[in-house]
Protein chains: 2
Amino acid sequence: MAQKEVYFEDVKVGYEIPEVVKDPITETQLVMYAGASGDFNPIHTVHAFGEKAGFGGVIGHGMLSMAFAGQIMTDWVGAKALKKLSVQFRAVTKPKDVITIKGTVSKKYTEDGKNFVDCDLIAIKQNGDKIIVGQATAVLPAK
Amino acid sequence: MAQKEVYFEDVKVGYEIPEVVKDPITETQLVMYAGASGDFNPIHTVHAFGEKAGFGGVIGHGMLSMAFAGQIMTDWVGAKALKKLSVQFRAVTKPKDVITIKGTVSKKYTEDGKNFVDCDLIAIKQNGDKIIVGQATAVLPAK
């Protein structure tokens, strides 16, 4: 893991996790995501399907939006520390959308000798529309 | 969406959602996933990193495991119907792992005129180890 270790003692409730700004979504990215995930629903890759469904073209995979939401956690504390991720899907993404993920620590607690932080997450589009609202739980090391 | 419409009236608590068996995970798939998601942590793509971390090689992205878990829902009722997905990460995946996702309807209810089904999900490896335990909520049409 490349990131700096984040210690439980140094994280306060209300802490704003470093935000993640993704590169604009591209149609090629959705093709790559289809291949990587095995989710070949043509609404994500075939323009005519997206048009027929009323989106004016392809839309992004919801699971990709979810992965973006999770990335704020894995970039911050590492994948190994992330124990739980929960998302509510609010809106679809489209090519050229720029997704920003923000997060705040909502709770700290120790259980069975492990140090947990709960976080509230939000992923928004360039126009401010929420695409994902979520929660995450991570276990952090103590000093 | 290619799948057949699933109606609220036809789904009973305890219903077993058609299981999804993924193709064996490949190292190339993880490279594709890195490119698609933008998560380039080398533990997923560079053998030496995985060895150094004690895994004997690369490991799969947790978000890919999560996407697999979600696929049982999107294959069953479509992405549009899936409103909420929550997962707990239990174990890592490795290349050649064959992941099977199973799901059961745990609750049915109507709120604000919408018909919800809650489902319990589990993703297991070929040896039975749990990699993901999760919950999902979908909104289904009425007849």
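Trainee: In β2(B), which residue is the bridge partner of Lys84(A)?

Mentor: Keep in mind that this is a predicted model. Strand β2(A) and strand β2 of chain B, residues 82-89, pair in the antiparallel sense over five bridges. Within β2(B), Lys84(A) has as its bridge partner Gln88(B).

Trainee: And what stands opposite Ser86(A) in β2(B)?

Mentor: Stay with that antiparallel pair of β2(A) and β2 of chain B. Look across from Ser86(A) into β2(B), and you land on Ser86(B).

Trainee: Which residue in β5(B) is the bridge partner of Gln88(B)?

Mentor: β2(B) also pairs with strand β5 of chain B, residues 130-140, in the antiparallel sense over seven bridges. Over in β5(B), Gln88(B) has the bridge partner Val133(B).

Trainee: How many residues of the side of chain A that touches chain B are charged?

Mentor: Okay, 29 residues of chain A are in contact with 29 residues of chain B. On chain A's side, the elements giving two or more residues are α1 (27-37), α3 (62-77) and β2 (82-89). Sort the residues of that side and you get 13 nonpolar, eleven polar and, for the charged ones, five.

Trainee: Which residues touch the most other members of the largest nonpolar core?

Mentor: In soluble globular proteins, nonpolar side chains tend to be buried together. Take Ala69(B): leaving out residues up to four places away in sequence, it touches Val87(B), Ile101(B), Leu121(B), Ala123(B), Ile132(B) and Gly134(B). The largest nonpolar core has 72 residues, and those touching the most other members are Ala69(A), Leu82(A), Ala69(B) and Leu82(B).

Terms used. Residues numbered from 1 in each chain as written. Chains lettered and ligands numbered in written order. Predicted model: local features only at pLDDT ≥ 70, side-chain atom pairs only at ≥ 80, totals over all residues. Core = buried A, V, L, I, M, F, W, Y, C linked by C-beta atoms within 7 Å. Buried ≥ 20, exposed ≤ 12 C-beta atoms within 10 Å, placed from the backbone. Contact = placed C-beta atoms within 7 Å. Helix = DSSP H or I, 4+ residues; strand = E, 2+ residues; numbered from the N terminus. Nonpolar A, V, L, I, M, F, W, Y, C, P; charged D, E, K, R; others polar. Pairing = 2+ DSSP bridges.
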